[in-house]
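Please keep the sequence and the model at hand while reading.

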Amino acid sequence: MRNKATAIAPSNIAFIKYWGVKDEILRLPKNGSISMNLSNLLTTTTVEFNPDFYQDTVTIDTVIDIVSGNRVIKHLDRIRSLAKIKYKAKVVTVNNFPTSTGLSSSASGFAALTLAGARAAGLDLSEKELSILARQGSGSACRSIPDGFVEWLDGDTSETSYAVSLHPKSYWDIVDIVAVVSKTKKEISSTDGHKLATTSPFFEKRLELNKEKMILMKQYIKDKNFSAFGELAESEALELHAIYLTSHPSLIYLLPASLRLLHLAKKWRQEGLEVYFTLNTGQDVHILCQKKDEKEVVQKLLKLKEVQNIITNYPSDGAKLSNKHVF
Ligand code: DP6
């Protein structure tokens, strides 16, 4: 048994979002979603199963975090049960970005853990099986397994709820620039937020619109129709936050700095610089632009006092094994 393995996985940004679960345990989402893997938001994880370890140890960015650690241990249990092994594990994870601020560390984190853990446990899983396994750790992680532009299929069972690649990373050279406006951790995690989705009076309407949006988003990406794609991504992000704001209790993630960026994106567009925004469960703003406009957008963002730093991302491959172990 090859008992130690390392994987690197990207985070991803959803253009049609996953929000709400129809099965909390299996993490089956209420709706399908579409995303792009991000080249510069990466998690590297090394997992070792060893008969000499008497307990699981989980270190995330040099910290032994009990809450995240327990979620990781539950995932190790899924891997152990598939591989029919009982060995305890050592897991060391390194992110190249701040965790739990809405930058989707759970997507890259659970995708890397799934691939490294499965390999270290001696499992030889297909991309589909890896995506199904990653989904149970964190929903959005299933989309960080396949390459490039990705769809999470809207299945009703565990076997049919997984992500597939729609196009490789080289298909379309768009850019996602994350404008970090605060490093404050989220007060309510996505996992707890998902459970509140149905408390919004607008959630049913959102689900009703999802199928048509999925079709349109796939078509716009296929056609590389940046304007139509951007308009739809932006309205989807606002709709997600409309659900947040109208949930009980309400979820207010946007800060004054985030709002200023939303206004500016619209203003820059009116002035002829074609940018759109999207948002996740957090305060940071993702600015979408075409490669030809990247420099100008970066320059403009860096001049703003609201922006602490930026993270520029291109479309990327999904999770990959690496031979550079973290320990
Ligand atoms: C707004 O995948 O973080 O980013 O399944 O509980 O881990 P869990 O939730 P998570 O939710 C992501 C929510 C989102 C939208 C998206 O990425 O599709």
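A residue is called buried here when its relative accessible area is under 20%, exposed when that value is over 50%, and partly exposed in between. The model is a predicted one, and the values that follow are computed from it. By that cut-off E294, at 13% relative accessibility, counts as buried.

E294 is one of the buried residues of helix α8, which spans residues 294-302, and the others are V297, V298 and L301. Viewed down the axis of α8, these buried residues fall within an arc of 100 degrees, so they line one face of the helix. On the face of α8 turned away from the buried side lie the exposed residues K295 and Q299. What do the buried residues of α8 pack against? Their partners are the strands β9 (174-180), β11 (285-290) and β12 (309-313), together with helix α7 (256-270).

Although E294 is buried, its side chain takes part in a salt bridge with K291, in which the closest N and O atoms are 2.8 Å apart. K291, for its part, is partly exposed, with a relative accessibility of 38%. Elsewhere, salt bridges that share partners join R206, K213, E236 and E239 into one network.

The structure holds 19 salt bridges. One of them is formed by K169 and D317, whose closest N and O atoms are 3.5 Å apart. This pair links distant parts of the chain, since K169 sits in the loop between β8 and β9 while D317 sits in the loop between β12 and β13 (320-322), 148 residues apart. K169 is partly exposed at a relative accessible area of 39%, and D317 is partly exposed as well, at 25% relative accessibility. The loop between β8 (163-167) and β9 also holds S170, which is exposed, with a relative accessible area of 64%. S170 and Y314 are 144 residues apart in sequence, yet their C-alpha atoms are 9.4 Å apart in space.

Another salt bridge joins the side chains of E234 and R269, with an N to O distance of 2.7 Å. Here too the pair links distant parts of the chain, E234 lying in helix α6 (residues 226-245) and R269 in helix α7, 35 residues apart. E234 counts as buried, at 4% relative accessibility.

Leaving aside residues up to four places away in sequence, K17 touches N31, G32, S33, R206, E236, A237, L240, T278, L279 and N280. Two of these contacts, R206 and E236, belong to the salt-bridge network that also includes K213 and E239.

The ligand is surrounded by 18 residues, of which the closest are Y18, R71, S138, S140 and T191. The side chain of T191 places an N or O atom 2.7 Å from an oxygen atom of the ligand. An N or O atom in the side chain of R143 is 2.8 Å from a ligand oxygen, and a polar side-chain atom of H194 lies 3.0 Å from an oxygen atom of the ligand.

The backbone, finally, has several features to inspect. Most residues other than glycine have a negative phi, and most peptide bonds are trans. Against that background, the peptide bond from H248 to P249 is cis, with omega near -5 degrees, and P249 is found in the loop between α6 and α7. R27 has a positive phi, near 55 degrees, although it is not glycine; R27 lies in the loop between β2 and β3 (28-29) and counts as buried at 12% relative accessibility. T62 likewise has a positive phi, near 70 degrees, in a residue other than glycine. T62 is placed in the loop between β5 (57-60) and α1 (66-83), and at 77% relative accessibility T62 counts as exposed.

Note on methods:
Residues are numbered from 1 along each chain as its sequence is written. This is a predicted model: local features need pLDDT of at least 70, side-chain atom pairs count only at pLDDT 80 or more; totals for chains, interfaces and linings use all residues. Side-chain values use heavy atoms; hydrogens and water are left out. Buried means under 20% relative accessible area, exposed over 50%, partly exposed in between (1.4 Å probe, protein chains only). Helices (H or I, at least four residues) and strands (E, at least two) are DSSP runs, numbered from the N terminus. The arc is that of the directions from the helix axis to the C-beta atoms. Contact means heavy atoms within 4.5 Å. A residue is near a molecule or strand if one of its heavy atoms lies within 4 Å of it. A polar contact is a pair of N or O atoms within 3.5 Å; within protein, one must be able to donate a hydrogen and the other to accept it, and residues adjacent in sequence count only if both atoms are side-chain atoms. A salt bridge is a side-chain nitrogen of Lys or Arg within 4 Å of a carboxyl oxygen of Asp or Glu.
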